[in-house]
Every structure is written in C-alpha cells, then in structure tokens.
Amino acid sequence: MNKKLAKILAIILAAFFVVGTLALAIRFAPTIKAECCNTCEDEQTEEEKLEEERKKEEEERRRREAIIQSDKDAEADKLIRQIHYYIEKFDNVPGYYKAIEMLKNTLDSLNPRTGYDPAVLRDALDKFHYDEKELEKNQVFTGDDFNMFRPDAFLTRAEFATILMRMDKKSIEGGENWYDTAMNHAVEMGYMKGDDFGNLMPMKEISVAEVVAVMVRYKEFTTLPGDIFGIGENHWAKGFIQRAYTDGWFKDIQNAEQVDRPIMRKEVAALLFHAQSIQIDRAEIDKHLGRYHLYSDVEKSNPYFYYILALSN
C-alpha cells in the first residue's frame, strides 16, 4: 500500500514539475524573445550607424571637392578674362607678337570637358612679356615720303649703294651729297667699281648685270664658267651672270637675259630675296598683315608683294 502511494505521489510531483516548467517557459518566453530581438536590433542599429557615418563622410568629401572645384573655376574664369584683355589690348602691337600668339594658343588648348586648370593659365600669363627684339627691323627698302615703293621705277647706282649700307647695318649720314657715304662704303668694301676713268656714276641707272656683280662680290662668291644667256664670251659680267643663274637668283625676273638693261626696284627686291636666301611663311604673314609696313602702290596681287614686304620690314 505504501509503495503504491509513494508511486502515485511521485507521478503527481512529476506532473506538477512538468506543468510548472511549462508555466515558467510560457511566462518568460516573451521576455527571452524580446531580449533576443533587442540584441538583434542593437546589432542592426550599429551597422546602420556605421553606414550613416560613411555616407556623411562621403557627402562631406564631395562637398569639399565641390568647393575646391568652384574656387578653381572662379580663378580660371578670372584668368581667362585677363588673357582676353591682354589679347584685345596688345594684338598686333610691335613687341607683343609672340606673347599674344602664345596666349591665343593657350586658349585654343583648353578643353571644357576636362575643366580649366588655373595653373596652366597662370603659367601663360607669367610668360607674357614685351620683346624688344621684335622691334628690330632689317629695312633694305624704305619707300618715299608718300609711302610709295614705285615698283616699276629704275634704280640708280647711288640708291643701290644705300641698300648695301642698310644690309651692312651702317648709317648713310654724312658727306656733301646724300649718297656720298654710301658710295664710298661700297667702293671701300669692294662691292662697286667705277669706270675706266674712276667715275662712280652715282646717278646712273644700275643694270641687271651690275646688281648681280655687286651681289656676287657682296656674298664673296666666285664667278662660274658658262654663258647661260648667250651674252657673249667677252661680256664683262658673264661669270657673274652664270653664278646668279646657277644659284637661282633670277626667279620671277622677266627678261633676265637682257642683262644690260636698267633693273626695276621690284626686280631688285626679288633678286636680293633669293640671293640672301630669305625664308618667309606667306600664310603666317597673311594672318598678321597689320604688323607689317605696306606700301600704298604695292597690292597683295603684285607678284613681287612678298619680296618687297620681306625687305621692307
């Protein structure tokens, strides 16, 4: 009996234990669940905070970059306006030709897609300067008081002597007559010779042959054998003419074979241009004609235009 009772009690106690355990589980389950959820929420909040911080840092970085870019754009805009001011003020002004060309090239190189670098613009402005060398001229021809070249006029021996003086960068001042210094210089240097009686004949029109002979002596060249124009074996200028022809001095000179005729001023310009091996960029000259001394009676359509221009500036 006692054993049965004890067994029954044990079963009842076990049942109470199970029921109690279930009740406790039911009682505390929401709390445990809440704590677990709170832990997850806490973990999620930390990640969100970190992400938010990263976003703020990125926004701040972009804001600072935008400010820096805005400052650069403002500076570049100011520098570009300054460059345009210099171009407008000094374009085609002697002494600033190369400087202005450099500023124009800088503007042409700018790319709006990549933005304007103030450093490049500052560098261009720092290099902008007045160049006195651009004022140096080698005016072989000067024209008359009416700014006329008289391209078809003939040249006297005295006038050609003054051209030689300018080529030697000497002053023609002095002497009783306006040509005395130039004629004396031409004789002393061995460029010109008089006739058999020692007469220099300054006012005599100079011939094609005489100009050629003077330039061969001026260049210290030798004469050459040959008679390309058939002027005769006994002609005093035969070797000089052959030399000039061989070296290409007669380009653009019509009737060059008539070596004893007076030479025109425009022909002297062409002959000197080739004899001196002068090089010019015609396209570049055309772009900047305003820089050059031009004559009222020499149009651009004149075949000798560039020769005359090259020797008058």
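The model is predicted, with local features requiring pLDDT of at least 70 and side-chain atom pairs pLDDT 80 or more, while totals for chains, interfaces and linings use all residues. Residues are numbered from 1 along each chain as its sequence is written, and side-chain values use heavy atoms, without hydrogens and water.

Arg-157 belongs to helix H4 (residues 157-167); helices are DSSP runs of H or I with at least four residues, numbered from the N terminus. With a relative accessible area of 5%, Arg-157 is buried (under 20% relative accessible area, with a 1.4 Å probe and protein chains only). A polar atom of its side chain lies 3.4 Å from the backbone oxygen of Met-201. Leaving aside residues up to four places away in sequence, Arg-157 touches residues including Met-183, Leu-200, Met-201 and Glu-210, contact being heavy atoms within 4.5 Å.

Two packed helices are described by the angle between their axes and the distance between the axes. For H4 and helix H6 (residues 208-218), the angle is about 25° and the axes are 12 Å apart; the two helices are therefore roughly parallel, a term for angles under 35 degrees. In this contact, Arg-157, Phe-160, Leu-164 and Met-167 of H4 meet Glu-210, Val-211, Val-214, Met-215 and Tyr-218 of H6.

Leu-271 lies in helix H8 (residues 265-275) and is buried, with a relative accessible area of 0%. Among the residues that Leu-271 touches, not counting those up to four places away in sequence, are Val-211, Met-215 and Trp-249. The C-alpha atoms of Leu-271 and Tyr-307 are 8.8 Å apart, although 36 residues separate the two along the chain.

Terms used. Buried < 20%, exposed > 50% of the residue type's maximum accessible area, 1.4 Å probe, protein only. Polar contact = N/O pair within 3.5 Å; in protein donor to acceptor, adjacent residues only side chain to side chain. Axes fitted to C-alpha atoms, helices over the stretch in contact; angles between N-to-C directions. Parallel < 35°, antiparallel > 145°, perpendicular 65-115°, else oblique.
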